[in-house]
Amino acid sequence: MRLYLINPSNPLIRIVKLKESRWNRYRVWKPLSLMVLAGLTPPEWEISIVDENLGVPNYAVMPRPDLVGITAFTSQANRAYEIAAHFQNSGIPVVMGGIHATMRLTEVMKHVNSVVTGEAESIWHQVLKDARHDCLKRRYDGGLAEIKDIPLARHDLLASGYAFGAIQTTRGCPLNCNFCSVTAFNGARYRQRSIPEVIKEFKLIREKYVLLVDDNLIGTRSNHIARAKELFRALAQAHLKKEWFAQATINFADDEELLALAAKAGCRGVFIGFESPTQEGLRELGKKFNLLKERDFRASVRRIKRHNILVVGSFIIGLDVDKPGIGKNIAQIAGHYGVDNLNALFLTPLPGTKLWDQLKSEERIALNTFPEDWKYYTLTFPVARYNHLSSDMIIEEMLSCDRHFYSMSQILRRVWVSLWQLRKPVITLVSNLAYRSNIRLNSQVYKDFKLQLRMRHN
Ligand code: B12
Ligand code: SF4
């Protein structure tokens, strides 16, 4: 039996067009969901994982599969439906799962034979059994997996060409921020994989650099932090010679021992959601951890960087409190905090979030011709009606934010500070130039976007 597992191409132009920028190799990440599904698949299935981000194959000349499984974030939904139609036209059954299928069940059911909602660990074997017997159901629900049931992902199945490997060590997040779908999808309970299992899987990763995809690697409670320390000790003891990057909340900075252990275990960078420069903004987003009164972000960032760990700061533009000038304001505050890179995104109502419910009830979802408009749900387009900023204005704010933060003088300042602090100036330079190289591309993308909107209104 032949199974294709497909990751549809990503509509983010700067990620897809590998040849447009040599930095893009560092922005194409492995589709871990499909590697986990492959890990759950019994040996009688011959599996091929197709990641369209490395190039869209000619499916017509490939051997005929018995079943096709497609994953998709919301922004990939349209391409997912095109792929589904291609295989269905040849009578091949198509199953779709992942975040979009879970949050938009009715829509997805129109395009595929079968939908799997939730996490797949408890249900995938049943789907395969039914596919073998030609009796696929229209819907399966995996719910939340038992953490012990997460298999070793099949790191051997994807072609080389990626700069980073990927692994997941925890699932779930109790914080349920308004704009994020993680709690709705993976649940509020923080589930941690066993440390020996994580080490075993780490050893299967070929790449030197690894992305730990956990939404918050260290968790929120003292027992979570204690487990993170155990994990870091085990990673250091295993001498894996890997360097890794992770996501965490700002409390990562609160524990010196944790930081020292992380650095020793190979942590080279951390992605932190600061989200808004103001307390009102943080309250609006429900970003509880950043709201602690005594929190000094600048000192927190400095503590992390002292351990030679890069800090990428993420901010959101388009909150109800955001007024003209917010772009420059964010760039300045990110500079003041001392982050190495700034990643600013538009406030986007993703299906399944509290923000979606709110903006929908207020009739503020502007790009709402679905499924076509899902391609704009990359957080890099203004898809809503913002309180104080028109669509044109918010795009200008975004460009102004990037132009300020990634001006040559600011980049050189950061490189100089990095040199002065005996950190890694070359990495600071390279990562900043990578972001800077996208400003020109983005301006063009926004021009096309505005044109599309105008044509739509005429
Ligand atoms: C790693 C990651 C990335 C990587 C992508 C890696 C990749 N190619 O998959 C990078 C950094 C590139 C990225 C980019 C983006 N991301 Co992202 N990302 C994640 C993150 C943190 C982990 C995903 C992961 O690997 N999980 C581990 C795997 C094992 O779990 P899983 O994917 O859920 O898969 C399980 C089930 O869903 C199911 N399943 C999944 N697919 C299928 C298919 C079938 C057939 C079946 C049966 C089951 C099944 O089975 C799996 C095992 O249980 C998630 C948050 C999260 N917790 O999921 C956000 C998340 C998926 N990202 C999100 C977003 C918004 C984005 C961006 C749009 C944002 C941006 N501008 O940066 C882009 C869009 C990229 C695109 N493709 O268009 C949102 C998606 C929401 C949505 N409705 O689409 C999430 C949920 C975070 C959030 N804040 O809400 N992301
Ligand atoms: S943004 Fe981060 S902290 Fe907030 S719910 Fe999502 S994963 Fe949790």
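**Ligand 1 and its shell**

How many residues surround ligand 1, and which are the closest? The shell holds 43 residues, and the closest are Ser33, Gly69, Thr71, Gly97 and Gly98. A residue is near a molecule or strand if its C-beta atom, placed from the backbone, lies within 6 Å of it. This is a predicted model: local features need pLDDT of at least 70, side-chain atom pairs count only at pLDDT 80 or more, and totals for chains, interfaces and linings use all residues. Residues are numbered from 1 along each chain as its sequence is written, while chains are lettered from A and ligands numbered from 1 in the order in which they are written.

Five elements each supply at least two residues of this shell: α2 (32-40), β3 (67-71), β4 (94-97), α4 (99-103) and α7 (182-186). Helices (H or I, at least four residues) and strands (E, at least two) are DSSP runs, numbered from the N terminus. The largest share, four residues, comes from α2. By type, the shell around ligand 1 has 24 nonpolar, 16 polar and three charged residues. Here Ala, Val, Leu, Ile, Met, Phe, Trp, Tyr, Cys and Pro count as nonpolar, Asp, Glu, Lys and Arg as charged, and the others, Gly among them, as polar. Ligand 1 lies between domain 1 (2-141) and domain 2 (163-446), because both give residues to its shell. The domain bounds come from an automatic or database domain assignment.

**Ligand 2**

Residues around ligand 2 include Cys173, Cys177, Cys180, Asp215 and Gly273. Asn176 also belongs to this shell. The shell around ligand 2 divides into five nonpolar, five polar and one charged.

Asn176 sits in the loop between β8 (170-171) and α7. Its phi is near 50 degrees, a positive value in a residue other than glycine. Asn176 counts as partly exposed, because it has 15 C-beta neighbours inside 10 Å. A residue is buried if 20 or more other C-beta atoms lie within 10 Å of its own, exposed if 12 or fewer, and partly exposed in between, with C-beta atoms placed from the backbone.

**Parallel strands and crossovers**

Strand β10 (residues 209-212) pairs with strand β11 (residues 243-248) in the parallel sense, over four bridges. Two strands pair if DSSP finds at least two bridges between them. Val210 has Trp244 of β11 as its bridge partner. From β10 the chain crosses through helix α9 (residues 222-237) to β11, in a right-handed β-α-β crossover. Right-handed means that, with the strands pointing away from the viewer, the path from the first strand over the helix to the second runs clockwise.

β11 also pairs with strand β12 (residues 267-275), in the parallel sense and over five bridges. Gln247 has Phe271 of β12 as its bridge partner.

In helix α8 (residues 195-202), the buried residues are Val198, Glu201 and Phe202. They lie on the same side of α8, because they cover an arc of only 105 degrees around the axis. The arc is that of the directions from the helix axis to the C-beta atoms. Pro196 and Lys200 are exposed on the other side of α8.

**The loop between α14 and α15**

Most residues other than glycine have a negative phi, and most peptide bonds are trans. Pro371 lies in the loop between α14 (354-361) and α15 (391-405). A cis peptide bond joins Phe370 to Pro371, with omega about 10 degrees.

Glu363 is found in the loop between α14 and α15. Glu363 has a positive phi of about 50 degrees, although it is not a glycine. Glu363 is exposed, because 9 other C-beta atoms lie within 10 Å.
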